[in-house]
Amino acid sequence: MDYIRSNFKKLTKKKRINKKAGQKVRFFVYLLFKKKNCIIKKLKRKEVFQMLREEKVLLRPIKKSDKDFFLKWMNDPEVTQYIRIYLPINEMLEEKWIENISLRDVEKTVLFVIEAEDKVIGNCSLNNINKKDQVAVFGIIIGEKDCWGKGYGVSATKLIIDYGFNQLNLRRISSSAISFNERSIALHKKTGFKEEGRLRKNIFVNGSFYDEVLFGLLREEWKR
Ligand SMILES: CC(C)(COP(=O)(O)OP(=O)(O)OC[C@H]1O[C@@H](n2cnc3c(N)ncnc32)[C@H](O)[C@@H]1OP(=O)(O)O)[C@@H](O)C(=O)NCCC(=O)NCCS
């Protein structure tokens with residue numbers, strides 16, 4: 001009888017240990033599963049938002065929460081003097097603009113937010129996309145002034161132009177800059193745009209009329 005009782009005790013103890021081990025394994029598997037799901041979710045999120053990337057910058061679609069950055073840049077005369085915005089932009093207008101740009105015919109405008117140094121620094125876009133003629137108009141704003149002259153503009157331009165020619169199947173991209181915007185003129189030349197002419201005294205800003213310098217880039221001229 002004693003023999004049976006001691007064996008029974010041993011068995012139940014073993015069972016208890018096995019049960020505990022089983023619980024631990026199940027908990028471990030649950031943690032692994034949870035972590036795996038988290039990683040997959042994070043990867044999916046990155047896939048959605050990290051559209052185009054190279055060493056210096058990342059281009060991603062616009063989010064509602066970008067509003068405050070845009071609001072700051074669009075009310076900074078040091079930035080807006082280069083982009084033909086001269087009226088104050090309020091929060092409601094900015095919200096509407098973001099809503100419009102997101103819901104607008106996506107085949108006509110492609111806008112990316114530019115990120116560098118782990119922060120939002122500007123945006124670039126291909127506008128007036130015309131499928132028949134395979135043309136579009138390029139635009140760029142690095143709104144964070146401490147990020148000017150660090151090569152981010154050139155990097156972002158190269159990414160979006162490559163996207164335009166190799167994903168959207170564009171044949172020509174046009175652009176322009178105010179004659180006193182030396183940084184923008186240098187950016188256009190550096191990325192392969194050719195100066196195609198000037199609209200003399202076409203832009204009134206800071207109390208004077210300035211020429212608008214016209215640029216064009218053809219697909220066959222594009223070298224990344
Ligand atoms: C224009 C703009 C997009 C350029 O981007 P950026 O990141 O500042 O410029 P980058 O560092 O990529 O440099 C572009 C070129 O400008 C040159 N540059 C930099 N600072 C300069 C300055 N103060 N004066 C003249 N050229 C300058 C750079 O040397 C570079 O040319 P290089 O590589 O041949 O030397 C950015 O300054 C900006 O958004 N400015 C305000 C809004 C604007 O002008 N938008 C464009 C409207 S057309």
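1. Ground rules. Residues are numbered from 1 along each chain as its sequence is written. Because the model is predicted, local features need pLDDT of at least 70 and side-chain atom pairs count only at pLDDT 80 or more, while totals for chains, interfaces and linings use all residues.

2. Ligand shell. The ligand is surrounded by 22 residues (C-beta atom, placed from the backbone, within 6 Å of it). Tyr82, Gly149, Gly153, Val154 and Ala186 are the closest. Helix 6 (182–190) gives the largest share, six residues (helices are DSSP runs of H or I, at least four residues; strands are runs of E, at least two; both are numbered from the N terminus).

3. Helix 6. Ser184, Leu187 and His188 are buried (20 or more other C-beta atoms within 10 Å of their own; exposed means 12 or fewer). These three lie on the same side of helix 6 because they cover an arc of only 95° around the axis, taken from the directions from the helix axis to the C-beta atoms. Exposed Glu182 and Lys189 sit on the face turned away from that buried side. After helix 6 comes Gly192, with a positive phi near 100°.

4. Main core. The largest nonpolar core has 33 residues (buried Ala, Val, Leu, Ile, Met, Phe, Trp, Tyr and Cys joined through C-beta atoms within 7 Å). Leu59, Ile114, Ala156 and Ile160 have the most contacts inside this core. Helix 5 gives the most to this core, six residues.
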